[in-house]
Amino acid sequence: MFQEEFTMIPRDEDHFWHLMEENWRHAVQTLRLRLQTRDEALFESRYQASSQSCIRYREASADNDQREHYYDLGRAHLDRVWELIEGRNFTPELVQLWGVLMFSFGHTVNYQMDDSPVLEMARAGAASARARDLIQQRRWLAHVLLPTAKGWDRRDKADAEAVELIQRIIRLKGVGGFPAQWFREILSKQNKNSLKSTFQQKNFSVKEMEYACSLGVEGLPPVGEELFLLCR
């Protein structure tokens, strides 16, 4: 953000060139940041992308999305503008390039400072899609957990046994025509010795497991005795 001292009318020629240098440095600080991608904006928390780390992505139509154009335009003139400032060359070229640079900088800094949650609906949709993708894993895991999980004090044991079983299946590279990756999706990415939070007790109750089991086993990997025989 510009400080007031850099927006004042120059007192004299030396002060003019000082202001030009400082305002150029402001432009550099923004235009040398990287552009955030749509995937980064979609899957990161809005607070993870600091305004000092990138030029934020914003959803816009193809006709109105000029973020990359003005970013590239401003960056293209940084070095030449500095050469003219450093040489104290107040020429028509400097006037023209300075206008282009400041316009490009102003356009780009709006993206840098904008922290509005423009991708919230898309982010929610992506999260919902990921949850739907795990429905089959949820059904299968219900058959694995339920025999041991009834009773609060037994859930930890059921979860631990399920994790051990899944790790064994992964070492076997899958079972029943289902690849190891299908089973990896059940485990936490942060801790491979733990189920994902969506499969833990607070999010997957015995009642929910009973309902999942009532849907049958069609389309699922082996369960019960068949699974035991495959994994022994």
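I looked up what covers the buried residues of α4, and the cover includes α1 (13–31), β2 (54–55) and α3 (67–86). This is a predicted model, where local features need pLDDT of at least 70, side-chain atom pairs count only at pLDDT 80 or more, and totals for chains, interfaces and linings use all residues. Residues are numbered from 1 along each chain as its sequence is written, and side-chain values use heavy atoms, with hydrogens and water left out.

I took helices (H or I, at least four residues) and strands (E, at least two) as DSSP runs, numbered from the N terminus. Buried means under 20% relative accessible area, exposed over 50%, partly exposed in between (1.4 Å probe, protein chains only). The buried residues of α4 include L94, L97, W98, L101 and F105.

Next I checked the cores. A nonpolar core is a set of buried Ala, Val, Leu, Ile, Met, Phe, Trp, Tyr and Cys residues joined through side-chain atoms within 4.5 Å. The largest has 32 residues, and W140, L141, I166 and F183 have the most contacts inside it. Helices α6 (135–149), α7 (152–171), α8 (180–184), α9 (206–214) and α10 (224–231) each supply at least two of its residues. A second, separate core of 21 residues includes W17, W24, Y71 and V81.

I then listed contacts (heavy atoms within 4.5 Å) for F183. Beyond its neighbours within four places in sequence, F183 touches W140, I166, I169, I170, G174, V175, F178 and P221.

Last, I found Q201 in the loop between α8 and α9. Q201 is partly exposed, at 23% relative accessible area. Q201 and R155 lie 46 residues apart in sequence and 7.2 Å apart in space, C-alpha to C-alpha.
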